Amino acid sequence: MSRDESSVVHTKRMDVEVEDCGQVYLLDRGDYEATDRPDDSPTHSVGLMKVEGRGVAILDIATQWGMIPFTVTVADRDPGADLDGYEDIVEISFESPSGEVFLVGWLMDWDDEKAHSLAPLLSGPGTYRLRYHVRGMDEERCSVDDHYLQIWPAPQHDSVVLKTMSETFHHFLKPEA
């Protein structure tokens, strides 16, 4: 790619309604209702983010419920981490079967109006990288720009912790019993 070609970037800010779960879900449009995911679907986590099979990523947030300001950037290449602006930053691979994803704060009592569609993933169906930036976890706050997710096409790669400063992050690293 020449230097003259500019990157394609779509950024969306939204308020995600979370109901007593302390999590926000990134779901693939074509796969979120699937209950027939094979038992051998990849499940992996990196502190504040977990991928459960194809098309499902779970992002931990600082509070249990309420309206959570969230920013998501969909790009055609790595948009670069904001290492100075956030306390905790992690990356993980994610597979999108349809190339269309949305963000939602609650999976029970489904309400389509509470699902936030994102820009189509720029390479269509395939493997992407998710980079999750968080600040304010120790204060259990959810202010504007405290939660920022970046998505871009990338081959499968190991999960990475780019930065960790909060005590809460280390809680999420503990293995599940």
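Rings of Phe, Tyr and Trp (its six-membered ring) pair if their centres lie within 6.5 Å, and planes under 30 degrees apart count as stacked. By this rule the count comes to two aromatic pairs in this structure, which is a predicted model.

## The aromatic pair Phe-70 and Tyr-132

One of the pairs is formed by Phe-70 and Tyr-132. The ring centres of these residues are 6.1 Å apart and the planes meet at 10 degrees, so the pair is stacked. Phe-70 belongs to strand 6 and Tyr-132 to strand 10, so the pair ties together parts 62 residues apart in sequence. Phe-70 counts as buried because its relative accessibility is 1%. Tyr-132 is buried as well, with a relative accessible area of 0%.

## Nonpolar cores

Phe-70 and Tyr-132 are also among the residues with the most contacts inside the largest nonpolar core, together with Leu-26, Leu-149 and Ile-151. This core has 33 residues. The contacts of Leu-149, not counting residues up to four places away in sequence, include Leu-26, Met-49, Leu-59, Phe-70, Val-72, Leu-130 and Tyr-132. Leu-149 also touches Thr-71, Thr-73 and Arg-131. A second, separate core has seven residues, including Tyr-25, Val-56, Phe-102 and Ala-115.

## Strand 6 and its partners

Strand 6 covers residues 66–75, and eight of its ten residues are buried, so the strand is largely enclosed by the rest of the structure. Strand 1 (residues 9–18) runs antiparallel to strand 6, and ten bridges join the two. In this pairing Val-16 stands opposite Ile-68. Strand 11 (residues 147–153) pairs with strand 6 in the parallel sense, over four bridges.

## Salt bridges

How many salt bridges are there by the rule of a side-chain nitrogen of Lys or Arg within 4 Å of a carboxyl oxygen of Asp or Glu? The count comes to seven.

| Arg residue | Glu residue | N to O distance |
|---|---|---|
| Arg-54 | Glu-95 | 3.0 Å |
| Arg-129 | Glu-91 | 3.0 Å |
| Arg-131 | Glu-91 | 2.7 Å |

Glu-95 forms a salt bridge with Arg-54. This pair links distant parts of the chain, 41 residues apart: Glu-95 is in strand 7 (residues 88–96), and Arg-54 is in the loop between strand 4 (49–52) and strand 5 (56–60). Glu-95 counts as partly exposed because its relative accessibility is 27%. Arg-54 is also partly exposed, with a relative accessible area of 35%.

Arg-129 and Glu-91 meet through their side chains in a salt bridge. Arg-129 lies in strand 10 (residues 126–134) and Glu-91 in strand 7, 38 residues apart. Is Arg-129 buried or exposed? Arg-129 is buried, with a relative accessible area of 4%.

Arg-131 forms a salt bridge with Glu-91. This pair too links strand 10, which holds Arg-131, to strand 7, which holds Glu-91, across 40 residues. Both Arg-131 and Glu-91 are buried. Salt bridges that share partners join Asp-78, Glu-91, Arg-129 and Arg-131 into one network.

Glu-91 is found in strand 7. Why does Glu-91 count as buried? The cut-off for buried is under 20% relative accessible area, and Glu-91 has 10% relative accessibility, so it counts as buried. The side chain of Glu-91 makes a polar contact of 2.7 Å with the side chain of Arg-131. Not counting residues up to four places away in sequence, Glu-91 touches Arg-129, Leu-130 and Arg-131, and also Val-46, Met-49, Trp-152, Ser-159, Val-160 and Leu-162.

## Gly-47

Gly-47 lies in the loop between strand 3 (43–46) and strand 4. Gly-47 counts as buried because its relative accessibility is 10%. The C-alpha atoms of Gly-47 and Val-161 are separated by 7.9 Å, while the two residues are 114 residues apart along the chain.

Key: Residues numbered from 1 in each chain as written. Predicted model: local features only at pLDDT ≥ 70, side-chain atom pairs only at ≥ 80, totals over all residues. Heavy atoms only, no water. Core = buried A, V, L, I, M, F, W, Y, C linked by side-chain atoms within 4.5 Å. Buried < 20%, exposed > 50% of the residue type's maximum accessible area, 1.4 Å probe, protein only. Contact = heavy atoms within 4.5 Å. Pairing = 2+ DSSP bridges. Polar contact = N/O pair within 3.5 Å; in protein donor to acceptor, adjacent residues only side chain to side chain. Phe/Tyr/Trp six-rings, centres within 6.5 Å; stacked < 30°, edge-to-face > 60°.
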